[in-house]
Amino acid sequence: MSIDLKQLKYFLAVAEEKSFSRAAERLHISQPPLSQQIMKLESELGVRLFARTTRSFELTVAGKALMHEAADLLGRMRMTIDTIRQIDRGEVGRLRVGIVGSAMWGPIPGLLEQFQSQFPRVTWTIHELGPNDQWDALRGKQIDVGFWREPKIDEDMLRNAGLRQELAFREDVCVAINAQHPLAQQDAIELIAIADEPMLTLHLDQSAEPRYLIQCCVNAGFQPTIFQEAAEPQTLLAMVGAGLGVALMPSTTSRIGWPGVRFLPVRTNPPSANLYITYPTQDDAPVVRAFLKILNPAGE
C-alpha cells in the first residue's frame with residue numbers, strides 16, 4: 001500500500017467541498033489529475049470513498065471515517081512540522097547556563113530576562129560553577145554555555161576541546177576597600193596605591209582569574225601580600241567590610257551596595273574583568289544559537 005499525504009489532502013478537499021471542481025479550484029490544480037488521485041487512493045485502500053450518481057455526491061461510510069482520520073492526521077502533521085521548525089529556530093528546548101557568581105551582579109540577569117521574553121517555550125537553568133568546573137561541564141555536555149572572566153582561554157586549548165570562547169561583556173576591575181579607609185575618600189585610585197594593603201582573593205587554585213589579578217598588580221609595580229583566600233566573592237566583600245583587607249572585583253559588583261565597602265575605579269590602565277561566553281562548536285544546538293543571537297544580535 002502506497003498512500004501519501006498529498007492524496008489525503010486532495011481527498012479532504014473534495015470531501016469538504018463536496019465537489020471535484022470546487023476542490024480543484026481550492027487546490028489550484030485542474031480537475032483530471034485530482035480525479036486520478038482520488039481514484040488511485042480508492043484503489044490503494046480497496047474501498048469506495050464517494051457514492052456518485054447523476055444527482056448526488058456523498059461520502060460513503062468508509063469515506064466519512066477517512067475524512068475524520070485524514071483531518072486529524074494532517075492536523076497533527078502540521079503541528080509536528082511547526083514544532084520541528086520551532087526547534088530548529090531555537091524556540092523550543094532547554095538551555096543550561098554555567099556562570100561564575102559575580103556574573104549575576106552584572107548584565108546576565110537582564111540577558112536571561114530578554115531570552116525568556118523572546119523564547120518563552122525554552123526552559124533554562126543556572127549552574128553556579130567556577131571556571132574549572134564549567135570547563136569540565138562543557139566538555140562533559142552537562143551545561144550548554146558557560147560564562148567566566150579574564151583571562152581568555154588559549155585558542156589551541158579551546159580548539160582541542162571543541163569549544164569556542166567569545167567576548168560577551170566588557171568590564172574593568174575596581175578596588176573594594178573598607179569605607180573607613182583613608183583611600184575610600186577618593187573618587188578613583190591608582191592600582192599601586194594598595195601595594196601595602198593586605199590582599200583578599202578567591203582561592204588561587206580555583207581558577208586562573210585570581211592569579212591573573214595578582215599578575216596585574218605585578219604589572220602595576222608591586223607584589224601583593226595575600227592575607228586571606230575565599231571561595232565566594234561575597235565572602236571577600238564581608239572581609240573587606242570588616243576592615244581585613246582590600247579586594248579586586250569586577251566593577252559591576254558595586255551595584256549591590258555592600259555595607260561598609262566602597263568600590264573605587266582604577267584611574268590608569270584598569271585591569272580587565274571582561275566576561276566571556278564559552279560553548280561547544282561541534283554540536284547542532286539551535287537553542288544555543290538563539291541565545292548567542294540575543295547576546296550579539298549584530299553577529300559580530
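## Exercises on pockets, cavities and a helix pair

In the lining of the largest pocket, at least two residues each come from helix H6 (131–139), strand S8 (198–202), H8, helix H9 (233–241) and S10. The model used in these exercises is a predicted one.

**Exercise 1.** Describe the largest pocket by its volume, its central residues and the classes of its lining.

*Solution.* Begin with the volume, which is about 370 Å³ for the largest pocket. Next, look at the 26 residues that line the largest pocket, of which Leu202, Gln206, Glu209, Ala231 and Pro233 are the closest to its centre. Finally, sort the lining of the largest pocket by class, which gives 15 nonpolar, 7 polar and 4 charged residues.

**Exercise 2.** Find how many cavities of 30 Å³ or more there are, and state which residues line the largest cavity.

*Solution.* The count comes to 1 cavity of 30 Å³ or more, and the space in the largest cavity is about 60 Å³. Its lining is made up of Arg149, Glu150, Val173, Glu209, Tyr212, Leu213, Leu248, Met249, Pro250, Ser272 and Ala273. Two or more of these lining residues are given by each of helix H8 (208–220) and strand S10 (246–250). Sorted by class, the lining of the largest cavity holds 7 nonpolar, 1 polar and 3 charged residues.

**Exercise 3.** Work out how helix H2 and helix H3 are arranged relative to each other, and which residues make their contact.

*Solution.* Two packed helices are described by the angle between their axes and by the distance between those axes. For helix H2 (residues 20–27) and helix H3 (residues 31–45), the axes come within 9 Å and cross at roughly 105°. Angles of 65 to 115 degrees count as roughly perpendicular, and H2 and H3 are therefore roughly perpendicular to each other. On the H2 side the contact is made by Phe20, Ser21, Ala23, Ala24 and Leu27, and on the H3 side by Gln31, Leu34, Ser35 and Ile38. These contact residues divide into 6 nonpolar, 3 polar and no charged.

**Exercise 4.** Decide whether Leu45 counts as buried, partly exposed or exposed, and state how far apart Leu45 and Gln114 are.

*Solution.* Leu45 is placed in helix H3. Buried means under 20% relative accessible area and exposed means over 50%, so Leu45, at 29% relative accessibility, counts as partly exposed. Leu45 and Gln114 are 69 residues apart in sequence, and in space they are 52 Å apart, C-alpha to C-alpha.

How values were computed: Residues are numbered from 1 along each chain as its sequence is written. This is a predicted model: local features need pLDDT of at least 70, side-chain atom pairs count only at pLDDT 80 or more; totals for chains, interfaces and linings use all residues. Side-chain values use heavy atoms; hydrogens and water are left out. On a 1 Å grid over the protein atoms alone, a cavity is a set of points where a 1.4 Å probe fits but cannot get out, and a pocket is an open set with protein on both sides within 12 Å along at least five of seven lines; lining residues have an atom within 4 Å of a point. Grid points are joined across faces, edges and corners, and a volume is the space filled by probe spheres set on the points. Helices (H or I, at least four residues) and strands (E, at least two) are DSSP runs, numbered from the N terminus. Ala, Val, Leu, Ile, Met, Phe, Trp, Tyr, Cys and Pro count as nonpolar, Asp, Glu, Lys and Arg as charged, and the others, Gly among them, as polar. Axes are lines fitted to C-alpha atoms, for helices over the stretch in contact, and angles run from 0 to 180 degrees between N-to-C directions. Angles under 35 degrees count as roughly parallel, over 145 as roughly antiparallel, 65 to 115 as roughly perpendicular and the rest as oblique. Contact means heavy atoms within 4.5 Å. Buried means under 20% relative accessible area, exposed over 50%, partly exposed in between (1.4 Å probe, protein chains only).
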